Structures are given as structure tokens and as C-alpha cells.
Amino acid sequence: DNNNLNVIDVSSNTSLRYLSCSNNSLSTLDIDNNDDLKHLLCNNNNIESIDLSNAEDLFLLYTQNNQIQNLDISNNPDVKYINAENNMLSNIDIRNGNNHRISQFIVTDNQSLTCIFVDDTSASYLRNWQVGSSCNFVADEGECQTLSSQEVTAVDFKMYPNPATTVVNVNLNVP
């Protein structure tokens, strides 16, 4: 931590269980050979992508304040702590069969993140997860695609009540 490292090579550390390389200038981090990795703290770098697929025993993941665009945690069923706030996330997949075990989930300040793929979109524990206001919990790619549209047309409308819990009324001035 707290160095000016541009590169770090942990490929020969196959028994590595804990890696903290926060507050550096890393743009890449290759942990493909680190199958035993349980704790990864690489926050406050310039990392653009990270492959977690071989770190099946991962328990803690702190990647906040990087440039990560996609995060796939679907192969990490033991993960309990995730902080990926303030990245460039547009996609995060946490469908690992054990979402109920997650004690901390923070992905705020990711303006392009609209869909978070989860095991159960109606699970009560999702209310404790910290996500951006434009984020939606979805089960598959089809659900995510229906939330977006390539075509936008400005229309005057009224929507009430606001806030709403179960029913929303929408009045349009056009057919």
C-alpha cells in the first residue's frame, strides 16, 4: 500500500491469500494464478479490469476508486464484503448462489451502472445493499435490456403519487 507502484507481479505467488496493493498507480492487476486468494484490496488505483474467476475462495473485495468497467463475481460464492464504489462500472454480475451471505455491498458512484445481476431480485437483503439511484436488480440480461431504450421522445406527463410504494398513476396528453 501507499507506494508509487505502476506494476506488481504476483503470478508466482500461487499460495497468496491476502493482497493489499491500495493507493498506488496500478492500471492492471493479474491474479489469474492466485487460486487461494481470500482478501483483495486494490482500491485507489487506475485498474480498468480484473478477472476474479480463478479466485473462487474470495471473501473480501475492495476495488473502490478505480476505472473498472465490468465486474463478474459470479464464480466467487464465498464473497461476503464488496466495495466497488466510484468506478466506471456498467455491469456487475453477482449471481453466485450465495447473495444472502453478503454483509457489505457498495457500488455507489458508478454513473453508467443500471443493472446488477443477482440471485433473487425480490430478496429482502437487497435493501441493505448500497447502490446508485439508477441501479436495478435483475435476474438476467433480458430484464436489463428492457430497462433501456435507444429511442427517447419528450412527452409531457403527470405521475402520482410521489413517492409511491405499490401503485403509480401516469397521465399522458397524447394517445
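**Close-ups of a predicted model**

View 1. L71 stands opposite I92 in β6. This is a predicted model, where local features need pLDDT of at least 70, side-chain atom pairs count only at pLDDT 80 or more, and totals for chains, interfaces and linings use all residues. Residues are numbered from 1 along each chain as its sequence is written, and side-chain values use heavy atoms, with hydrogens and water left out.

**View 2. Here's the pairing of β4 with β6.** These two strands (DSSP E runs of at least two residues, numbered from the N terminus) run parallel over three bridges, with β6 covering residues 91–93. To count as paired, strands need at least two DSSP bridges between them.

**View 3. Zoom out to the open sheet.** Its four strands go β4-β6-β8-β9, paired in parallel. At the edges sit β4 (70–72) and β9 (136–138), each pairing on one side only.

View 4. Beyond four places in sequence, L71 is in contact (heavy atoms within 4.5 Å) with residues including I50, L52, L61 and I92.

**View 5. Q67 sits in a loop.** You'll find Q67 between β3 (60–62) and β4. Leaving out residues up to four places away, Q67 touches N46, I47, E48, N87 and M88.
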